[in-house]
Amino acid sequence: MDFFEPRINADNAPFWEGCKAHELRFQRCKRCGKVRWPAAYLCPECLSEDTEWVTLPNRGTLYSYVVMQKPFHPSLAEKVPYVIAEVDLAEGVRITTNMFDCDVSALKCGGEVAIDFLDSETYSRPIAIWKGASE
Amino acid sequence: MILDQLKNQFAIVGVGYTPQGKIPNRTAVSFHIQAVKAALEDAGINKSEIDALYVYRHFDPISGDYDTTAFTVAEQLGVRPSVIGQETYCTRGWLYNGIGLLASGLARYVVISYGDNARSGRRSFVKELAGGKATDDLAAFGDLSTMAKYSMQARHAMDTYGTGPDVWKEIAIAERQWACLNPIAGMYGKPLDDEGYFSASMVAEPLRLLDATPNSDGGRAIVLTTVERAKSLGHPYAVIRGFGSANQPVLPLKICVDDPNAAAKVASAKAFSMAGITHADVDACELYDCFTYTVEATLRDYGFFRPEECRDFLRREHIGPGGSLPVNTSGGMLSEAYFMGMTPISEAVMQLTGRCGDRQLGKLPGTKTPSIIVCSDNGAVFQSHICLVLERGE
Ligand SMILES: [Zn+2]
């Protein structure tokens, strides 16, 4: 299910390129090692501009999720209800994503998810797949 | 430490109201200037004494309005303050800016103003789209609305600490009970019960329609000055015994429910410490309540209860009329009117100066005359926070 095309800019373009290759790419500071998101020109920890793009594993834990029941835009009227999720990846990175075709009543914050990708005509985006509550 | 020197040095000496609720055929700026005019009259000062004017968040104009800026508000009031400013987003900077100007002597009186025709103009708070195009990454995930972002935090607290709709309903109902004692409240005469709460439609689950503040037309303004000047005005006022401000400038998705550096925790720790008070000294709280969950998060972050105690603490018998910790005695933004931080702060001043009619603490059965009220102002999604400890001034 597509919503709107993301706003891609000079900072975040490699992330969205990574999504097309079905990879979660983020910037890592070559000075202090901190991985950052949102994408930024320099490291908010140490202000170094020396940056490399690294690929994080396609899995994480569910920080939280919301079931959108009311459309906040006319074009969403036929898409509700849908789930917006926030997922903690490795290295302290948290992303916004969606979860489709899941049993909403089974979801629980802290549970495990895998990251897959949904390809649209002009871009791809990460989607979380529910793997179950952690014990 | 500088904060200790600022204790009890400043005061809120005037509060300005306008007609509110659904007031069609009015521009946003008309509410600003009407609120400021009323605040000046309430304070008993002349408009030429305003040295600084701060206007709340800049909105895109609706209802055919021209753009409402700090310039237009000043122009239409016929004032030329040395300092005029406006939030471009929900960055709550007015307090430190205003105090700094008063402390340095650069300003005699500082006015803070809010006004909008949000209800008649059906203002949308969706910022993730402009003209159907995404303004950031989030629109790609259908993440449009402030409500979804608050709901995300509410859900995390629900799964982690056992809060949920049956707690949030207590907040909604308690505030509605207060509103039913306040004739100018939007929900005056419209009592709410459990059934009414649960029958409200889900919007961004787990938050329902009645967990969210409705839009209001209207405005609200306050006048700040030094305690020395306040004394010369010859009427009751509210002393700023303690205050704190903090920002957490990160994306809403990076806000963590259990962050030890949450803006509300940092701001309230400063304010309580400056004021030299404990929670037991607080007679009432007037809190920014864009959503029911915001009240829970604020009281929790202020340290009134531990996260897992939310269920015991947030009961209508405790925070509603007659309860031992009155919260949002005007009905709050949820049930009185949405004027951002001006809603809670003006109510605190009105309570401390004894002008609250049927809902006046100390007159309402089971309540005591308040001497200390804690207030909050909150910006964006828990990203900017002001905490004020106000005390009755003689
Ligand atoms: Zn670094």
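1. In this predicted model, the side chains of A:Arg28 and A:Glu52 form a salt bridge, with N and O 3.3 Å apart. A:Arg28 belongs to strand 1 of chain A and A:Glu52 to strand 3 of chain A, so the pair ties together parts that are 24 residues apart in sequence. A:Arg28 counts as partly exposed because its relative accessibility is 27%. A:Glu52 is also partly exposed, at 30% relative accessibility. The general idea is simple: side chains of opposite charge can pair when their charged atoms come close.

2. A second salt bridge joins the side chains of B:Arg241 and B:Glu391, at 3.2 Å from N to O. B:Arg241 lies in strand 10 (residues 237–247) of chain B and B:Glu391 in strand 13 (residues 384–393) of chain B, so this pair ties together parts that are 150 residues apart in sequence. Both B:Arg241 and B:Glu391 are buried, whereas the two partners in point 1, A:Arg28 and A:Glu52, are partly exposed.

3. B:Glu317 pairs with B:Arg315, and their closest N and O atoms are 3.7 Å apart. With a relative accessible area of 37%, B:Arg315 is partly exposed. B:Lys169, B:Glu170, B:Asp194 and B:Arg316 are linked in a network of salt bridges. Over all chains the count comes to 24 salt bridges.

4. How many salt bridges does the rule find across the interface of chain B and chain A? The number there is 0. Polar contacts are another matter: 23 residue pairs, both members at pLDDT 80 or more, are in polar contact across the interface of chain B and chain A. Helix 5 (146–161) and strand 7 (202–205) of chain B each supply at least two residues of the side of chain B that touches chain A. Helix 5 of chain B gives the most to that side, with 8 residues.

5. The extent of this interface can be stated in two ways. By residues, the contact takes 33 from chain B and 34 from chain A. By area, chain B and chain A bury about 3,000 Å² between them, and 61% of it is on carbon and sulfur atoms. In chain B, the residues that lose the most area to chain A are B:Phe141, B:Met152 and B:Leu253, which together account for 25% of what that side buries.

6. Which residues coordinate the zinc ion? The donors are the SG atoms of A:Cys29, A:Cys32, A:Cys43 and A:Cys46, at 2.3 to 2.4 Å. The spacing of the donor residues in sequence is C-x2-C-x10-C-x2-C. A:Cys29 is in strand 1 (residues 24–29) of chain A, while A:Cys43 is in the loop between strand 2 (35–36) and strand 3 (51–56) of chain A; the pair is 14 residues apart and links distant parts of the chain. Both A:Cys29 and A:Cys43 are buried.

7. Why is the arrangement around the zinc ion tetrahedral? The 4 donor atoms subtend angles of 99 to 118 degrees, which makes it so. For comparison, the ideal angle for four tetrahedral donors is 109.5 degrees.

8. Helix 3 (residues 70–77) of chain B has several buried residues: B:Ala70, B:Thr72, B:Val73, B:Ala74 and B:Leu77. The buried residues of helix 3 of chain B pack against helix 2 (28–43), strand 2 (50–55) and strand 3 (83–86) of chain B. At the start of helix 3 of chain B, a side-chain oxygen of B:Thr69 comes to within 3.1 Å of the backbone nitrogen of B:Phe71. After helix 3 of chain B comes B:Gly78, with a positive phi near 65 degrees.

9. Two loop residues of chain B close this note. B:Asn328 sits in the loop between helix 12 (316–319) and helix 13 (332–335) of chain B. It counts as buried because its relative accessibility is 1%. The side chain of B:Asn328 makes a polar contact with the side chain of B:Glu175, at 2.9 Å. Leaving out residues up to four places away in sequence, B:Asn328 touches several others, including B:Glu175, B:Trp178, B:Cys285 and B:Asp289.

10. B:Glu308 is in the loop between helix 10 (292–301) and helix 11 (310–313) of chain B. At 48% relative accessibility, B:Glu308 is partly exposed, whereas B:Asn328 is buried. B:Glu308 and B:Met350 are 42 residues apart along the chain, and 33 Å separates their C-alpha atoms.

Technical notes
Residues numbered from 1 in each chain as written. Chains lettered and ligands numbered in written order. Predicted model: local features only at pLDDT ≥ 70, side-chain atom pairs only at ≥ 80, totals over all residues. Heavy atoms only, no water. Donors = N, O, S within 2.8 Å, 3.2 Å for Na, K, Ca; no water. Tetrahedral: all angles 85-135°; square planar, octahedral: opposite > 155°, others 65-115°. Helix = DSSP H or I, 4+ residues; strand = E, 2+ residues; numbered from the N terminus. Buried < 20%, exposed > 50% of the residue type's maximum accessible area, 1.4 Å probe, protein only. Contact = heavy atoms within 4.5 Å. Buried area = accessible area lost by both parts, 1.4 Å probe. Salt bridge = Lys/Arg side-chain N within 4 Å of Asp/Glu carboxyl O. Polar contact = N/O pair within 3.5 Å; in protein donor to acceptor, adjacent residues only side chain to side chain.
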